[in-house]
Every structure is written in C-alpha cells, then in structure tokens.
Amino acid sequence: MNRFARKLALVLSLALIVGAGCGKDNKNKSATKNSTAATKADIKVGAIFDLSGATADVGTPYSEGIRDYVEYRNAQGGIDGHKIAMTFQDFGYKVPQAEQLYQQYVSQGAKVFMGWGTGDTEALRPRVNTDKIPFMSASYAETLADPKVTPYNFFPGASYSQQMRIALQYISDQNKGKHVEVAVFHNDSPFGTSPLEDGKKYIADKKLNIGFKNYPMPAGATDYVAQIGQAKSQNAKYIIIQNVASPAAKLATNLAAQKSTAQVVCLNWCSDELFVKLAGPAAEKMIGVMPFSPPVEGVQGLDEINSFLKAKNSDAKAKGLHYVQGWYTMAVMSQGIENALKASGDNPTGEQIKAGLEKVTDFKTGVSDPITFTADYHAGLTSAPLFQVTGGVFKKIQDPIKIVK
Amino acid sequence: MTRFLQLTVNGLGNGAILALATLGFVLIYKATEVINFAQGQFLVIGSFVVYNANVTWGLPWPLAVVVGILAGILLGLAIERVILRRLVGESSLSVIMVTIGLASALFGIVLMTWGAEPKPSPKFIPSGSVKLFGDVSVGANRLWAVAVAVVVFVAVALFFQRSRHGVAMRAVADDQQAAMVQGISVNRIFAFAWALAGAAGAVGGVLLASINNGYSLELESFAILVFPVVILGGLDSVLGTVVGGMIIGLLVEYTKSYMNVNASQILPFVILVAILLVKPYGLFGQVRIERV
Amino acid sequence: MATATGVYNTTYRRDLGLRHTKAEYARLALLGVFAVVLPFRLDTYWLSYVNLILLAGIAAVGLMILTGYTGLISLATAGFLGVGAYGTANITNRLHWPMPLGVLGGTVIAAAIGAVFGLPALRVKGLYLAISTFAAQAILNNRFKDWPWLTQGHFSILANQPKIGGHQIHSDFEWYWLLLVITALVVWAGVNLFRTGFGRALIAIRDQDIAAEVIGVPVGRYKVLAFSIACGLAGFSGALGAHYRTVVTWERYDFDTSFLFVAMIIVGGLGSVSGAIYGAAFMTWVPAYITRVGQGLQQGSSGTPFIIRELPAIQLALFGVVIVAFLLYEPRGLARLWQRAKDYFRIWPFRY
C-alpha cells in the first residue's frame with residue numbers, strides 16, 4: 001500500500017473508534033428515556049432459573065410458576081396499575097453465568113431479583129447488598145433470613161434449619177422421648193449442609209433424645225449403598241433427606257433394595273411428585289416436611305391457579321408442587337412491591353421495596369401458613385405441616401408444627 | 001464381614017459398568033490416539049435413544065436396545081466422518097478441544113430433544129434385590145451389568161484376536177504407516193473404532209440408567225471416573241480397562257464406607273497422579289520408553 | 001513479524017525490538033487510544049465484561065506460556081485460579097495483611113502447588129500429562145468444596161476491595177484502569193520472556209525435547225518451572241478476581257472453566273502471547289453474545305415458541321458448535337486470522 005493509502009487508513013480507523021464510542025453512548029441514553037415516559041412505569045424484575053443444570057428437574061416447574069404469575073398479574077392490570085416487566089434467563093446453575101445475568105439486568109434497571117439456589121445466592125450476596133436490590137431466593141438457608149448478615153435477601157418458605165427442627169421435634173414426639181437414631185443424608189454442597197449444625201444445636205437445646213449423624217450424597221454417584229451400610233451400623237430408625245428429588249429417589253430405591261426399615265423423612269426439596277414418580281413403590285410411606293403443600297385434594301389456594309391454567313389446558317395438579325411454590329413466591333414479592341408503591345409513590349427504590357417486603361404480614365396463600373416478613377427475620381414461614389405418601393399420593397398427617405426458636 | 005462382602009459385590013458391579021463406559025474411550029484411543037472427552041455424552045445419548053424407542057415409541061425392549069446401539073454407531077460414525085477426519089495431523093490439544101466442544105454441543109442437543117427432567121429407569125432390567133450368600137443382597141441390575149460386561153469384553157477380546165477387522169485395528173494402533181502399507185484402510189478403521197465406542201456407550205448407558213434409577217443428564221458426570229481407570233489400566237489396553245475398572249470400583253466403595261464420602265471422591269484421582277509418577281503406562285499399557 | 005519489506009536493522013538492539021516499522025508503531029498507538037477511550041464510552045455492564053476479559057487474559061497468558069510455547073497441556077487452570085482466590089481471601093481475612101500482600105501470597109502458593117502438580121511432567125508426556133492435570137483439577141476442586149478449614153465452615157468467603165493510597169477501588173471504571181495496567185505488564189513480560197534464553201529453551205522443549213536435552217537445556221527443571229509460572233499467573237488472576245468480585249465460591253473453579261481457558265488459547269492461536277488475549281476476549285464475549293441474541297429472540301419473537309423454550313439448550317449447543325467450527329476452519333486461531341488480515345493489506349493489490 002502506498003503511503004497515502006496507509007495514512008488514510010490510519011485516520012479512518014481512528015475516526016471509526018471514536019465514532020463507535022459515541023454511537024454506543026447514544027443508544028444507552030435513548031433506552032433509559034423511553035422507559036420513564038408513558039402512563040405508569042413498568043416494574044422491572046430480573047430473574048434467573050435453572051432450566052438445564054443440576055437442579056433443573058425442580059427448577060423448570062418453579063420457573064413456570066413465577067412466569068405464569070407475572071402473566072396472570074399483568075392481565076389483571078399489574079401491581080397498582082404498574083405492569084411487571086420480567087427479564088429472565090436460564091443460568092444452568094453456573095455461578096459466573098448468574099453473575100453476568102445479574103449485572104446485566106441490574107444495569108438495565110431491574111429493581112428486584114428472583115434468584116434460585118444457594119450457589120448463586122451466596123455469590124451474589126455482597127453485590128445485592130451494595131446495589132440494594134431485594135433478592136428473593138428459592139434457597140431457604142437460614143443465614144439468608146438474618147437481616148444483620150444479609151439485609152436484602154428474602155425467601156418465602158420455612159428455612160431448612162427450621163424444617164430440620166420440625167422434623168426432629170416430630171420424631172421426638174412420635175417416640176415419646178425414647179432414644180432414637182437419626183441419619184441425615186444430604187446433598188454434598190452448602191445447600192445440603194445448611195441445616196446440619198442448627199439441627200444438632202436444637203437437639204442439645206431441647207435435650208431431645210436423638211442421635212444425629214450426617215452422610216453426604218455426592219453428585220454423580222450411582223448409588224448410596226455404602227452410606228446406607230454406615231447408617232445401618234448406626235441403627236438409624238429415621239432417615240432425613242436434605243436434597244432434591246432425583247438423588248433422594250435414588251436413595252429411597254437403594255433403601256428399599258437393601259430392605260431397610262428406616263422411616264424416610266424428606267425436607268421440602270425432595271417432597272414432591274418427581275420423587276414419587278422416580279422412586280415408584282419405594283416412595284411409599286415417605287413423610288415430607290412441606291411448608292408449601294402439594295396441589296392435592298383438600299388443599300386451599302389453588303383456585304386462581306386452576307382458573308388461569310384452564311385456558312392452557314392444564315391445572316395445578318399437573319404442573320406440580322414447585323409450580324405452585326413459584327407462583328406464590330412471585331405473589332409475595334408483588335405484595336412487597338405493592339406495599340412499597342403505596343408508601344413511597346410511583347418509583348420505589350430498592351430500599352423502599354425492602355421495607356415494603358418487611359411489611360408483608362399474614363399474606364394468605366392457602367397452600368401454606370400465612371407468610372410474614374419482619375425487619376428481624378426475612379423467612380416467610382416458621383411452620384410446616386407434614387404429609388405422607390400413601391398409594392402414590394400425598395396425604396396430610398400432621399397439622400403445621402411451629403417451632404419457636 | 002457382611003459389610004465387607006456387600007461392599008465388594010457392589011464395587012465389582014460398579015466396576016463392571018465403569019469398564020463398559022471406559023471401553024469406548026480405550027477403543028478410540030487405541031485406534032486413533034484421540035482422547036474423547038465426549039464419551040460421557042455417548043452414554044447419555046445412547047441410553048436416551050433406548051428410552052425413546054422403548055417408552056415413547058413403545059417398542060419391545062430388545063428392539064429398543066438394538067435401536068439404541070444403532071444410534072450409538074451412527075453417532076460415532078458421523079463424528080468421525082464430519083469432524084475428526086478434518087483434524088488429521090492437527091495437534092493433539094486441538095483434537096481434545098474439539099471433543100470438549102462436541103461434548104457441549106451434544107449436551108445441548110440432548111437437552112433440546114429430551115428436556116432436563118430425569119426419566120424413570122428402564123423397567124426391562126430387573127432391579128429387585130437378589131440375595132447372595134448370607135446377608136449380602138445386591139440389586140439384580142448390578143448382576144446383569146456384570147453379566148453383560150463379561151459378554152461384551154469376551155466378544156471384544158475375541159474380535160481383536162480372531163477377526164480380520166480386529167487384527168487390522170491392532171495393526172493401525174501399533175503403526176499406522178505400516179498398516180497402510182499392508183493395504184489396511186486406516187480411515188475405515190478409525191470409523192470402526194468410533195462406531196464401536198458409540199455402541200459400547202449405548203449399552204453402558206442403559207445399564208447405568210438402571211443402576212442410577214433413571215435416565216438423567218447426570219449420567220455424563222459418571223464418565224469422569226474413566227480417567228483414573230484408564231491410567232491405572234493403561235490407555236491402550238482392553239484388559240487394563242477391565243482390571244482397572246474393577247479395582248477403582250472396589251476402592252471407591254471401600255473408602256466410601258470405611259472412611260468418608262469426600263475421601264472416596266478424591267481417591268481415584270490421587271491414585272491417578274501416583275500411578276503417573278510411579279508406573280506411567282499403567283498396569284497393562286504399552287510402554288513407550290522415553291526417559292527425559 | 002515485520003509487515004513491510006525493506007526493513008534493515010543495523011544494531012542488535014533494533015533487531016531484538018518488538019516493533020520494526022512505522023506502521024506497527026501506529027497500530028500500537030491506535031490500540032493505546034482505544035484502550036484509553038473505551039471506559040468512557042461503555043456502560044458498566046459491558047465494562048464489567050472488559051474487566052473479566054483482562055482478568056482472564058492474565059491466566060490465559062500463563063497457560064499460553066505453558067501449552068503454546070512449552071507444549072505441555074494443562075487442564076487445571078481453574079483449580080489454580082481457585083488456589084489464588086482462596087489464598088488471598090484467607091490471607092487478608094485471617095492474617096489481616098493488606099490486599100497486595102494477599103494477592104502476592106495467593107500467587108506464590110499457586111506457583112508452589114503448580115510445581116508439585118508439574119512433577120508428573122518429569123515422567124510422562126503428552127496426553128498422559130493432560131490427564132494428570134485433569135486429576136489435579138479434580139483434586140483441587142474437591143478440596144475447595146469439602147475442606148472446612150478453608151472457608152471456616154461458611155458457604156463462601158468474602159474478600160475485600162483494594163485500597164490504593166487511601167482510595168477504595170470499587171467501581172468497574174476504577175477496576176478497569178488497575179486491570180489494564182496489570183494485564184499490559186503481564187503481556188509485556190510474556191512477550192519479553194521469549195526474547196530470553198529461557199524462553200527459547202521452552203520453545204525448544206516443545207519442538208524436540210530430547211534434542212533440547214542433548215544440547216544442554218535442563219528439560220525436567222524447565223518443565224516444572226513452566227508449570228510454576230503458568231499456575232502462578234493463574235493464581236494471580238484468581239486472586240485479583242477474588243477482590244474484584246468480593247466473594248469466593250467453589251462453583252466457579254470447576255472443569256468447565258478449565259476447558260474455557262484451554263479454548264481461549266486454542267481459539268486465540270497457540271504460540272503467540274497476543275493470541276492469549278484475543279482468545280480471552282473471544283471466549284468471554286461469545287457466551288455473552290449468544291445470551292444477548294437469545295434474549296433478543298425471546299423478547300421479539302412470539303411465533304417461535306420452540307426457540308424460546310429451548311433457549312438454554314440452543315445456547316449450550318451453539319457454544320460447542322462455535323468452538324468446533326473454529327477449530328475446523330482455522331485451527332491456528334485468531335492470531336493467524338489477524339496475521340492473514342495484515343498480510344492482505346500489506347500485499348494488496350497483489351494476491352500473494
């Protein structure tokens with residue numbers, strides 16, 4: 001190339017760079033202008049779901065529940081006239097992906113965030129605090145309920161630790177104080193270990209006559225026969241499972257094959273229809289601690305859902321428990337936003353929505369006890385009923401047990 | 001004692017499945033010197049096709065298994081033809097990376113076609129428990145796994161010893177150029193190796209699905225244990241696969257029960273590194289002397 | 001590589017120089033202008049991506065030195081990112097040392113452990129070595145997950161934001177300048193490494209290690225040293241990343257991330273340090289781009305529910321396809337593509 005052409009190329013590329021830079025800036029400005037105009041501004045919600053990762057089996061119906069609630073609420077005019085604008089994406093339980101999506105949605109104006117599991121919630125915790133974005137997770141780890149540690153994290157159910165206490169109390173009551181051994185099989189991750197220490201502490205505090213040993217269930221294991229062997233030598237009469245449905249079902253099948261007589265008690269993430277389907281006959285007699293009741297006969301709070309799903313040729317029972325759970329999770333968040341709108345006007349900040357959530361008191365769902373958030377405790381429930389699988393269907397066997405800490 | 005026997009039986013069963021899963025990997029390496037990171041996906045795809053044929057299409061199970069094996073063969077052939085043939089001569093790192101990318105693409109395809117929800121395990125493999133001597137009970141599906149593995153490995157051994165194609169494969173593995181001089185079509189042998197790997201993956205995958213209590217995407221993570229087995233046994237030895245699989249299967253069960261679960265997860269990999277330091281070509285691998 | 005003919009060097013110094021022609025200097029200046037203008041033009045979301053690229057680039061340069069120049073395959077990069085991250089978090093939290101010392105400590109620990117896991121390089125080569133690094137990754141990831149001492153029983157540990165001369169760095173904009181300077185220094189060090197005798201010895205090891213031993217290169221020692229350097233740089237990147245994100249969780253340091261780094265150097269082009277940066281940019285940007293395209297499809301289309309429903313699967317598949325396609329059509333990577341582009345302009349209007 002001759003000298004002139006080269007110099008021209010140099011000048012052109014410089015111009016291109018500067019021009020491209022200016023171009024990007026304008027795009028951003030115009031985007032923000034549009035959203036504040038028009039009648040009542042949309043409430044922007046960011047959400048991440050696990051639709052392809054390790055917990056996709058329960059993540060998929062949960063995500064449908066949340067998305068359908070948004071559709072339902074918007075059809076009714078939104079929250080006080082403000083439509084909910086939810087942007088969501090699958091993150092496959094990959095933490096870096098969760099972070100990028102969070103960054104993106106927040107920079108696009110999301111006021112609140114619907115998260116998923118312990119992994120992503122933990123990783124986003126500091127950012128959520130600095131950015132002041134109320135974060136509703138499907139992880140019910142008790143540390144997330146303490147506003148002194150995580151002021152912007154909320155979850156609508158009973159914490160794993162609380163569920164563990166309920167299970168232990170039930171076991172103790174059933175055995176009228178006689179000594180009994182309990183084996184706790186849990187997911188090999190922070191999700192799984194979350195309730196262990198609190199469970200041990202509860203036994204010590206209330207002087208329950210329970211022997212407590214825990215066995216991790218590693219991912220990708222083909223079976224848990226080795227751990228079952230250890231539990232047998234412990235003489236465990238009860239097996240509490242803190243895991244999601246598929247590995248729990250595998251454990252139940254292994255137990256049945258090993259002719260175990262221990263009573264299986266599942267915490268909320270393995271007490272669902274998927275467990276029953278995968279474990280088949282081995283699921284019989286499983287007792288579930290279920291802060292959210294399964295959509296079976298006699299459970300209230302399913303009318304709205306059923307009438308919404310009728311147009312889609314489905315019903316709550318077909319969609320399952322986690323769908324209903326997702327539905328009401330979004331409903332509670334919407335209530336918090338509604339409280340904030342009433343208190344602080346049309347454009348509530350994250351802090352104001354947090355205050356709005358803390359004002360949610362006795363929010364009735366029908367499928368659970370009334371949900372309450374306070375300024376000291378960000379978990380929605382402290383009680384849960386117990387159901388038992390009889391003939392492949394969940395039947396309530398115990399009214400909600402409430403543990404006062 | 002019962003506990004020890006129980007663990008031994010279980011470990012041998014797991015080892016048999018591991019050996020089956022590893023067989024495909026070893027076949028490909030033996031013939032083409034390629035490390036196939038997508039072997040786990042072969043397990044998943046082969047087994048899901050069987051599920052599809054058996055449950056979704058309602059075919060009787062022998063036919064469904066045949067369909068699955070065919071699908072595995074086709075998959076292997078397609079990959080070899082479309083992708084690997086173009087990479088002849090490229091650095092081994094590039095080829096590894098292609099198989100990794102392939103694993104990701106296959107995972108996406110499986111997700112798209114069958115969804116993320118695990119499917120109930122194959123009913124045609126009996127999974128009730130069978131009582132062996134004394135108190136030791138083992139799932140019938142494990143016994144089936146061992147039986148199938150024995151049949152498959154004997155067939156493979158005979159194939160390599162007696163049949164023309166088998167001998168040709170061994171020739172190609174030994175010295176490609178000499179094999180070409182003898183008139184062996186190296187391309188065809190490559191295709192053959194990949195096809196066999198796909199088929200082995202399908203069979204292993206179905207057995208694994210039964211033991212795993214469901215066809216699920218996480219079957220693929222089982223394939224990680226392939227590496228310790230292959231290093232222990234020797235990257236290019238079929239006998240090593242069997243022995244290595246058994247040993248790793250047993251050791252994992254013993255550690256899980258007598259120590260704890262975390263130790264059992266690390267142990268295979270610590271063994272891997274130790275073997276590499278002490279006896280790099282494994283128990284039965286071909287020793288290529290190069291001391292540096 | 002000169003991009004013009006008729007370049008005569010009259011001193012050794014000029015011969016060893018990194019740039020030879022005015023055109024090359026001009027391009028370098030353009031790059032500088034671009035780097036300075038960039039943060040003012042991007043919003044925080046895209047700027048955070050650039051920061052991620054810079055962070056990844058540091059580890060990618062290390063991996064390029066190990067794999068591209070010394071020919072030793074390593075699948076354990078993510079594990080050493082984790083070692084650096086957990087190292088600095090524990091040092092700053094428990095020993096209460098300031099952040100620079102924490103980062104340094106993390107780097108040193110990663111380099112030391114890297115040397116240990118590099119020992120198999122003294123005994124095995126090629127694919128066997130790759131498998132050994134695979135095992136290293138598995139062991140390290142398992143330790144992050146299951147070693148209570150490391151996290152003192154918590155799910156994750158927090159790392160603090162750095163202070164430079166009393167000023168707290170906390171925004172992406174501020175991090176950009178810090179990371180730009182650090183990455184530029186690392187790249188420059190990497191390029192300079194191959195002007196030294198040690199660097200040339202590494203290349204000799206890659207090409208013909210037995211011959212290298214014969215001419216007197218201490219092959220074993222240099223191989224372990226190369227591992228040390230690569231793992232140390234990975235630890236450095238991980239330590240900085242820990243302070244950037246302020247929270248350290250084990251999920252980030254798994255196989256997938258290791259593979260991502262290997263993809264970076266391959267797509268970038270084995271055998272050039274700048275290739276490492278191109279690769280880092282490409283592999284960080286492509287998933288984001290696919291996500292954006294997916295979201296665009298999601299918002300825009302109502303007539304293709306299949307795509308919306310299967311979006312995560314499509315994105316995964318697409319990611320794999322992109323890697324495979326790249327390797328099929330340009331196995332020598334982005335650096336080679338850039339080379340061909342430069343050659344095209346140099347030789348134009350001739351074809352060759």
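1. In chain B, the charged end of K30(B) is placed over the ring of F160(B), 5.8 Å from its centre. A charge sits over a ring if NZ of Lys or CZ of Arg is within 6 Å of the ring centre and within 35 degrees of the ring normal. In chain A, K354(A) lies over the face of Y152(A), 5.5 Å from the ring centre.

2. This is a predicted model, in which local features need pLDDT of at least 70 and side-chain atom pairs count only at pLDDT 80 or more, while totals for chains, interfaces and linings use all residues. Residues are numbered from 1 along each chain as its sequence is written, chains are lettered from A and ligands numbered from 1 in the order in which they are written, and side-chain values use heavy atoms, without hydrogens and water.

3. Rings of Phe, Tyr and Trp (its six-membered ring) pair if their centres lie within 6.5 Å; planes under 30 degrees apart count as stacked, over 60 as edge-to-face and the rest as tilted. Over all chains, the count is 51 aromatic pairs. F159(B) and F192(B) are stacked, because their ring centres are 5.8 Å apart and their planes are at 20 degrees.

4. The rings of F282(C) and F326(C) have centres 5.2 Å apart and planes at 65 degrees, so this pair is edge-to-face.

5. One aromatic cluster is formed by Y62(A), W116(A), Y140(A), F155(A), Y160(A), F191(A) and W269(A).
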